[in-house]
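Thanks, everyone. I have a few local features to walk through. Let me put the structure up.

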Amino acid sequence: MQRSTTLKRRLSCTDLESAKAMRSTLIQRPRAGSPLLMLSVEKDGCRSNNEIIPVLRMERSTLKRTSSFPDPEPAKALRSTLILRPKFGSPLLMLITEEDGCRIYNPEDGMVYETKSDFSGYRFLGSSGKWFLVVDSQLKLYIVDVFSEERIDLPPLESLKGSLYKIERVGENKVRNILYSDLSPGDPHTAEDLRGRLWVGDNKEDYVVVWHFEMNDFLGFCKKGDDHYREILTRTGVRRELRGVKDMVLKGYSLYVLAIRDFIRHLDLSGHGEDGIKDVSENHKLPMWMPSLSRDEQLRVNIDKISSSSESIAVTRSGQVLVVCSYELGNSEVHRMFHVYKRDPKDLDPKTYLTQLLEVHSLGDEALFLDLGTTVPADHTRGIEPNSIYFTRGDRIRHRNPSRPDICVFNLTTKTIKHSHNLNVKDARWFLPS
């Protein structure tokens, strides 16, 4: 058996027919905590059974050194039995393409891996460590471990219990919500309309699932052991400034919601009562006001124009809520600008009338993964760059039209961005296996 370094040299050959003839049982033991990217495609699906098979050998590179990813199409010509044992906390990228299903890109070794089990037909809604919240075409929800065959079946959407709404099925692939007061039905929803967030505790001692149909006036959530979902109203009975959903982040039992009027709603879901919900939102009198763009940025916008923008939230390790604004610019070539803001503590003073957000110019020794809505410690040994934003898209909860991924890493210090223009995927998500 050859060692991994030897295999890398062999797989770098350009003769794909020769590559097809090569079979190896080498085991790759990636360092814990290195970023990976999971790829998901619709034809061949995503496979997993403690083995992730590399389907393409690329020139060794990391996000630190290159601004592009290779096209995974030639991967079809190469099959091996390498086993990927992900490093704890190292970033991976899950890729979803129109034709080839679900694949995982590892920036550390520059390889794309195909999972052994078939996850085709699933939509990936959110992740926590190695666990993903997925939904199939019949609107059945599961939590899956992408590195094994372990799967947790979740309650059916129709099990929702609340004061105002219930869910009923419309055929095999659609559901709709019914308002109890007058039994008026809402528009039918498919799996494409569902959004979600997931948190899984260490050793699976507990988990929390939150889901939402865009434009609906409620969320559904459950915890480990629940046989039904509980209702979280987002409009009726909610303070005016906290109504609606533009984005949300789930961090443990804390659910943070960016409301339509740019206030942050903070809910504690750890309770064990009938609804298990406690509103612990700060009592801000005025919304968050965005600072103006700099003069140079305004000139740039006048030239390139803003083609789309997004407003998201993230929560630091210390529990501080950040607002992340992203602007896509350009005519022939895509460009992107990022700004990170936070509330000024003085905004809680009832005498304060100027509530303009403070810009965050440094994350310190942390990196922000917007797909997860959290920051993590930077670690070069795991491939996590300090003071950087790992980005794929800013409209996870509230989709824009048209919507497309833009896989990149933005450095807040240097204001430089590394794109992945050559990766043709339908969707992508950064995740940190644990």
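**Strands, a leucine and a helix**

Start with the hairpin of β9 and β10: five residues sit between the strands, and L139 takes a positive phi near 65° there.

Before going on, the ground rules. This is a predicted model, where local features need pLDDT of at least 70, side-chain atom pairs count only at pLDDT 80 or more, and totals for chains, interfaces and linings use all residues. Residues are numbered from 1 along each chain as its sequence is written, and side-chain values use heavy atoms, with hydrogens and water left out.

Back to the strands. β10 covers residues 141-145 and pairs with β9 in the antiparallel sense, over five bridges. Pairing requires that DSSP finds at least two bridges between two strands. Within this pair, F132 stands opposite V144 in β10.

Now the other partner. β8, residues 123-128, also pairs with β9 in the antiparallel sense, over five bridges. Here G126 stands opposite L133. The hairpin of β8 and β9 has two residues between the strands, and G129 takes a positive phi near 65°.

How covered is β9, residues 131-135? Five of its five residues are buried. Buried means under 20% relative accessible area, exposed over 50%, partly exposed in between, with a 1.4 Å probe and protein chains only. Both faces are covered: W131, L133 and V135 on one side, F132 and V134 on the other.

Next, L179. This residue is in strand β13, residues 174-179. Why does L179 count as partly exposed? Because its relative accessibility is 21%. Leaving aside neighbours within four places in sequence, L179 is in contact with L164, Y165 and S184. Contact means heavy atoms within 4.5 Å. As for I167, 12 residues apart from L179 along the chain, the two C-alpha atoms are separated by 9.1 Å.

Last stop, helix α3, residues 295-304. Its buried residues are E297, V301 and D304. Seen down the axis of α3, they fall within an arc of 85°, so they line one face of the helix. That arc is taken over the directions from the helix axis to the C-beta atoms. They pack against β22 (306-315), β23 (321-329) and β24 (335-342). On the other side of α3, R295, D296 and I303 are exposed. Just after the helix, K305 takes a positive phi of about 70°.

Methods. Helices (H or I, at least four residues) and strands (E, at least two) are DSSP runs, numbered from the N terminus.
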